[in-house]
Protein chains: 2
Amino acid sequence: MTAADTSRPRLKIRRVNLDTGRENVVVISRRSMALRPENFRAFSRVELRRDARVLLATLLITDDDSMVGPGEIGLSDPAFRRFAEPAGGLVTVTPAAPPDSLDSVRAKILGRTLKAAEIKAIVGDLTHFRYSDMEIAAFLMSFASFMTSDELLALTQAMARAGTQLTWDRPVVVDKHCIGGIPGNRTSMIVVPIVAAHGMMIPKTSSRAITSPAGTADTMEVLARVDLGIDEMKDVVNACHGCLVWGGHVNLSPADDVLISVERPLGIDTREQMVASIMSKKLAAGSTHLLIDLPVGPAAKLTNATEAMRLRKLFEFVGDHFGIAVEVVMTDGSQPIGNGIGPVLEAQDVMAVLGNEPGAPADLREKSLRLAAHLLEYDPALRGGAGYARARELLDSGAALVQMRRIIQAQGAAAGHAAPGPLTADIEAAQDGVVAGIDCLRLNRLARSAGAPLDKGAGIKVLKKIGDFVQQGEPLYRIHAADLSGFNLAVAMTKLGTGYLIESRAAKRGRPRP
Amino acid sequence: MTAADTSRPRLKIRRVNLDTGRENVVVISRRSMALRPENFRAFSRVELRRDARVLLATLLITDDDSMVGPGEIGLSDPAFRRFAEPAGGLVTVTPAAPPDSLDSVRAKILGRTLKAAEIKAIVGDLTHFRYSDMEIAAFLMSFASFMTSDELLALTQAMARAGTQLTWDRPVVVDKHCIGGIPGNRTSMIVVPIVAAHGMMIPKTSSRAITSPAGTADTMEVLARVDLGIDEMKDVVNACHGCLVWGGHVNLSPADDVLISVERPLGIDTREQMVASIMSKKLAAGSTHLLIDLPVGPAAKLTNATEAMRLRKLFEFVGDHFGIAVEVVMTDGSQPIGNGIGPVLEAQDVMAVLGNEPGAPADLREKSLRLAAHLLEYDPALRGGAGYARARELLDSGAALVQMRRIIQAQGAAAGHAAPGPLTADIEAAQDGVVAGIDCLRLNRLARSAGAPLDKGAGIKVLKKIGDFVQQGEPLYRIHAADLSGFNLAVAMTKLGTGYLIESRAAKRGRPRP
C-alpha cells in the first residue's frame, strides 16, 4: 500500500460538531479529491494517516460543502480528540483493511480455540479502537458460545495489561466488587471508610450507572469529586488509605470499557465475560485480596444458588491463577438494600449509617459490616474471627465517618448541598396485607424514569420492605423528581404495576397480585 | 410506553446532508427538548414515531444549532427517505428497545436451535431495518457457528417471502447463478440470449460489483439500462423471454441485501448463509429450474472438489425441499474466463462471442454454450442430449445476437459508445517460459485499482492464459484506465507482482517465480 499512500491526495482536517459516542466517525465530500466510490462507501471503515499517526474511523459522506469541502475531511468527536492533530493539518485517507485479529474471531466462531497471543492481539486492537461496533459484536458472540479456561485466563490477562497498571508498596491491598442489579446497596461507600480507618489500603474505583438509577460513582459524586486522574487517585489513597473514585479516568482495562459499550445494548452478559471484565480491572488496580458480592434473588442477575456457585468457582479459578486471594459471598438479592434509590437518596442512606443516625437503614448497615469484616480478616495482625467486632467498633465510634470526611476532602468536597427532588408522590398499597415480594427491576426503571441518575435528587425512597405489614392506602414508597415530565412518567408507570407483591394476611398462600 | 409518548415534546424534522449508507442515522441537539442524557447517548438507538410510522435509527448529537436546533431532529439519508415524512413534520423520539427477535439470537449463540417462527421474526426485523450493524453482526455470528437443516430451510423461506415474489405463467422458468470470484466470466450475458432465443423464460437479475471489478449488472449497463423496477422487468421478460437487470430495484429477498452489507466487511461467508442467500432470491424470482456454477481453483472461492461437493449437496437439499430443480456444475476456476476484466472490456468479450467474431474468446464461448445446454435440456420438447447442439445453433446462426439486441432495446439501450480507458500499459513477462498459473485475486485487485467498476472503461485485457508460451518482454496483459491516479496505482502494484507464474521451458518443475 506504499504506492497507494504516495499517489493519494491529502485532505485538510476540519472539526465537525458531531458527538458520535465511542465510535470514531469522519465525514468527506462526495466530490472529495480522495473519494473513489468504488473504494469508499458510507458506513465503511477508513484509515487516516499523518506521519506515524493512524486512526480507524467509520465514514459518512456529504454533498454539503459548508460542512466539509472536497479538499477537506471532517473529524467528529471523538475522532478529532483521539487523532490529536490540529484543524488544517493534512492527512491521507485509505479504505481500512479490517484488523488482522479479526481472522481469529472468524476462526473462533468456526470452533477453533484461540491461543493467548491471538487473544492479546484482539484486545490490543479493541483497546486502540480498531474494531467497529459490528466487529466488537462479532468478537463477543464468538466468545459467548463457549470459552475455554485457558481462553478466559488469556483474555483476563490481556485486558489487565492493556491499560494503566497500578502497583502499591503494600503486601495487602484489598478491594470489593458487587456484580450489581440490586437497587440501593451502596455498601462500598461504607466499607471503604471502615477498612481505610483500620489502616488497610483499599483503592476503590467504581462505575457510573449505565442501565441502573445510580452507580457508586454517581452517588459518591453527590458528596465529592470523583473524576480523578491516576496521579490524583494515588495521592488520595496514600493520604487516606482508600478512595471512592470513578473508573472512567484511570484507564484500568480500557478494552473492557469498549466491550461493555456493545455488550449492554446487545444484552450479552455471559459468566466468563463478566469474570474477565471484573478480574482484569482488579488485576490492573494492583489488588491482592478481593471480596466479590453476588446478590441472589428472583429479580437479581443471579436467580438461584446453582448459578451463583458456578460463577463463584470461575472467580476463584481466575483469582488463584493470578495470585489474587478471592473470596465470594452470596447475599440476599430479593429486595433493595437501604431505603434510597437514586444518587442523593442513596448518599443520605450512606451518611446516616456512617453517622449512626437513629433512622439509618439497618440492612445497609448490617451488610456493610459483614463485608468489611471479611476484608479486615485479611489483616494478619487481627485475630481470626475478630473482623466483625472490629468493623462495628470503627463504625460505632465514628472513626469510619471521620475517615469518609477525610476521603471527601482529599477528593474534593462537592460544592453546595444536593437535596432529594422536590416533586414527590407517595405510591400506596391497594390492599391490606404483608409485603411478599419487591420487583427490583421495576423499581430501577421507575427511578430512572423519574430522572436518576442525571437528576441527582430523583429516585425512590422505599418505605416498606419484605415482611412489613401494610394497610390499604399506606405508602409503599415515595417518588422524588426535579422535572415534571420525568415525574409524570414515573407516576404513570406505577399505574401499570407498583412493583410490590402484597399478600392478604388472611390468605398468605393466595394468588399473587403484583 | 404510551405514557412516555404523550408526555414527550415533539421535534421538527430537518434534513441533514449526510449519506450514511444503509444505516438510519439521526442527529439531535445536546440541548434538545427531547434529549435526556440518561436516556440518550451518541450511537445509541432511538425510535422515531409519527402516527403509525416508526423508524429505528442510530443517534448522533451536535452542539451546532446551525446543523440541528434544540427543537429539531436531523434526518440524514437514508433515514429521511425511509421515514418519508416532509421536513417540518413533528415526531416523537424515544430510546429504542432492541428488536424482540434479538432474544432468539441470544438463545442461538447459547446453543438453542431456533424455530421457523423465530427465524421469520428475525428476518422481518432485518427487512425493516430494525437491526443495527452490531445486531446484524450478532445474528450472522450466531448462525455461523452452526445451522441445522431445518434452520437453513426456515431462513431461506423467510428471506424469500420478505420482499417481492414473482410468479410467471409458465411451467418452466429457468435461471442460472455463479457464486463468483473469477475475473471476466460474464456467461450470463451469453446464456440468457441463447436460452431466450429458444423461447424459454429466463428472468435474470444480477448484482453490481461489491469487491470485484465488475458484476453482471455493471457490465450489462455498458450496453443497456439495468435499474428497472419490477413492472418494467416483467414487461421486458414478457416481450423477450429474458432480461439482464440489476437486482437492486426489484426487492427480491431484501433481508439478504441487509445481511450482505455486514457479511462482506466482516468477511463471514459460510456455506449455509450463501445457500440461503442465493436460494431465497431464486425462490422469490419464481424460478422452477436453476443451474448453479461453482468455479473451483486455487484462488477461487472453492479451492477443492470436496468443498464444492458439500456446497452442491446443500443447494440440492434446499432446492428439493422447495420444489426447484437444481443442477450444480463445477467449472474450472483456475484463471479468468474471457479476456476482459472490467465492464467495457467484458462487454466487448460478450458481444464478440454473440457476434461470432474471429477474435472472440473461445473459453467464454465454450463455457457459455455448456451452461446454456444444461438449461435448454429442461425443455421437454428437446430430445435428451440435444441441448449443446441447440445452443450452438442459436449462437452460430446469430439468433442469440438478435435476441440480445431485443433485450437491450427493451431495457433501454445505453446512450453513446463506451470505450476502454485510453491510458494503457502493457505488463510484460520477465522471462521466457510457459504460463503456469494466474492469481485471479490479484488481477481483480489490479482492475479495481485501475478504476473498475466505476470507470467503466478501466480494467485489464488478458493477453496470455495458462499453458501459453511467452518470451521475455512479451505482454501478459494490458492495463486500461481513464484516470491518472488509478493508472499509476495499478502500474505500481504490478511491480510487486504481476499475478502470473511463468515456468522456464527448460525446467518445467523449477521453482515458481510469480
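Copies are superposed by least squares on the C-alpha atoms of residues with pLDDT of at least 70 in both, where pLDDT is the predictor's confidence in each residue, from 0 to 100. Residues are numbered from 1 along each chain as its sequence is written, while chains are lettered from A and ligands numbered from 1 in the order in which they are written.

**Interface between the chains**

- The contact takes 52 residues from chain A and 52 residues from chain B; two residues are in contact if their C-beta atoms, placed from the backbone, lie within 7 Å.
- Several elements of chain A each supply at least two residues of the side that touches chain B, including strand E1 (11-19), helix H3 (102-109) and helix H18 (484-495); helices (H or I, at least four residues) and strands (E, at least two) are DSSP runs, numbered from the N terminus.
- The largest share of that side of chain A, ten residues, comes from H5(A).
- By class, the side of chain A that touches chain B has 28 nonpolar, eleven polar and 13 charged residues; Ala, Val, Leu, Ile, Met, Phe, Trp, Tyr, Cys and Pro count as nonpolar, Asp, Glu, Lys and Arg as charged, and the others, Gly among them, as polar.
- Of the interface residues of chain A, 100% are also interface residues in chain B, so the copies meet through the same surface.

**Fold of chain A**

- Chain A contains 18 helices and 18 strands.
- The domain assignment, which is automatic or from a database, gives domain 1 (2-95), domain 2 (102-146), domain 3 (174-253 + 260-411) and domain 4 (423-503).
- The centres of domain 1 and domain 4 of chain A, taken over C-alpha atoms, are separated by 49 Å.
- The C-alpha atoms of chain A fill a box of roughly 80 × 55 × 50 Å along the principal axes.
- Buried residues make up 54% of the 514 residues in chain A; a residue is buried if 20 or more other C-beta atoms lie within 10 Å of its own, exposed if 12 or fewer, and partly exposed in between, with C-beta atoms placed from the backbone.

**Confidence**

- Chain A has a mean pLDDT of 91, and 96% of its residues reach 70 or more.
- The pLDDT is below 50 over residues 1-6 of chain A and under 50 over residues 509-514 of chain A.
- Where pLDDT is low, the predicted coordinates should not be read in detail.
- For the complex, the predictor gives an ipTM of 0.78 and a pTM of 0.82.

**Local backbone features**

- A cis peptide bond, with omega about 0°, joins Asp77(A) and Pro78(A); Pro78(A) is in the loop between strand E5 (72-77) and helix H2 (79-83) of chain A.
- The peptide bond from Ala452(A) to Pro453(A) is also cis, with omega near 0°.
- Asn185(A), although not a glycine, has a positive phi of about 60°, and this residue is buried, with 27 other C-beta atoms within 10 Å.
- Asn251(B) likewise has a positive phi, near 60°, but counts as partly exposed, with 16 C-beta neighbours inside 10 Å.

Note on methods
This is a predicted model: local features need pLDDT of at least 70, side-chain atom pairs count only at pLDDT 80 or more; totals for chains, interfaces and linings use all residues.
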